[in-house]
Amino acid sequence: WVIMVTAQTPTNIAVIKYWGKRDEKLILPVNDSISVTLDPAHLCTTTTVAVSPSFAQDRMWLNGKEISLSGGRYQNCLREIRARACDVEDKERGIKISKKDWEKLYVHIASYNNFPTAAGLASSAAGFACLVFALAKLMNAKEDNSELSAIARQGSGSACRSLFGGFVKWKMGKVEDGSDSLAVQVVDEKHWDDLVIIIAVVSSRQKETSSTTGMRETVETSLLLQHRAKEIVPKRIVQMEESIKNRNFASFAHLTCADSNQFHAVCMDTCPPIFYMNDTSHRIISCVEKWNRSVGTPQVAYTFDAGPNAVLIAHNRKAAAQLLQKLLFYFPPNSDTELNSYVLGDKSI
Ligand code: DP6
């Protein structure tokens, strides 16, 4: 017999960035962060997990290709969910798995991204969130999504925020074992559903410095990061939560852009400096800043993760349509701007 569970999880984009760990093994951050979860129709991972007594080892396929599960991050997630497994019974098929049987059973995992991995868009967040959620359902773990987020966090920090829709806060936590470093929902996906997210895929090339390596070097060398984590982010988190709750786009846009820019400043303050944005990214920033200033009230916020791709959050459909028009004029795909394509992060346009 085989028992299978399939889950689907969207990716998320941070508007207050996570950058820097205080504990690398448990993946505990140096500050809180806040993100928006995208619509699953556009950027998500679908994962099927299966268990059968005929499986001889844990195995995983990503987009159809087998990958190694030996990395500590996968092992941490598997171990943590196995430790929480409960009895499972399928009366119709006469299958019974007791709590302790799970220690001897192996799983097969098949995971697909509905966006090209080559597009250079983060996939680890959706991937680990989906894996942990699917395993928890398969093994009948009773933990709620916040508790599961603390396990997904051990796969990839940003993954913990993908266990919820809407706007999500990852609380850094205080205790050493990391049990209070988890995600909570700030507002659900219906609260502010006129926002439209457009991703400008500036480059599909693999980033030169991975987030994991980059943030390690920043923690070791950047004084600006200490200042950011202690003095800046705590206040920004409070202001960002307020802006989201009140649907105050002007304040939301100001904080989002400022935090993205400070994150990249912290990367530049790293020794040796890390450059994630390129000329096209900088030109997109100028274009948005000029437009926002000419209108008087911000219409669009921009944010960039560990790569040159722009995530643009428009106030509403009208602003999104105008933005797209401007972008297509100034940055036509496949031109010498190096811009490849536009991806909708939201279905509402
Ligand atoms: C810039 O979650 O990919 O996207 O925890 O080492 O797996 P690890 O890093 P990861 O870092 C994401 C960094 C970021 C900002 C963010 O998502 O908050």
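Predicted model: local features only at pLDDT ≥ 70, side-chain atom pairs only at ≥ 80, totals over all residues.

Ile16 has Ile34, in strand S5, as its bridge partner. Four bridges join S2 to S5, residues 33-37, and the two strands run antiparallel. Helices (H or I, at least four residues) and strands (E, at least two) are DSSP runs, numbered from the N terminus, and two strands pair if DSSP finds at least two bridges between them.

Residues are numbered from 1 along each chain as its sequence is written.

Strands S2 and S5 belong to an open sheet of four strands, ordered S2-S5-S12-S13, with antiparallel pairing. S2 (12-16) and S13 (182-187) stand at the edges with a single partner strand each, so one side of each has no neighbour in the sheet.

I turn now to the helices. How do H5 and H6 pack? Helix H5 (residues 223-245) and helix H6 (residues 249-268) pack at an angle of about 160°, with their axes 10 Å apart. Axes are lines fitted to C-alpha atoms, for helices over the stretch in contact, and angles run from 0 to 180 degrees between N-to-C directions. H5 and H6 are therefore roughly antiparallel, a term for angles over 145 degrees.

Residues are in contact if their C-beta atoms, placed from the backbone, lie within 7 Å. Among those meeting here are Leu224, Ile232 and Met240 in H5, and Phe252, Leu255 and Val266 in H6.

Conventions:
Parallel < 35°, antiparallel > 145°, perpendicular 65-115°, else oblique. Contact = placed C-beta atoms within 7 Å.
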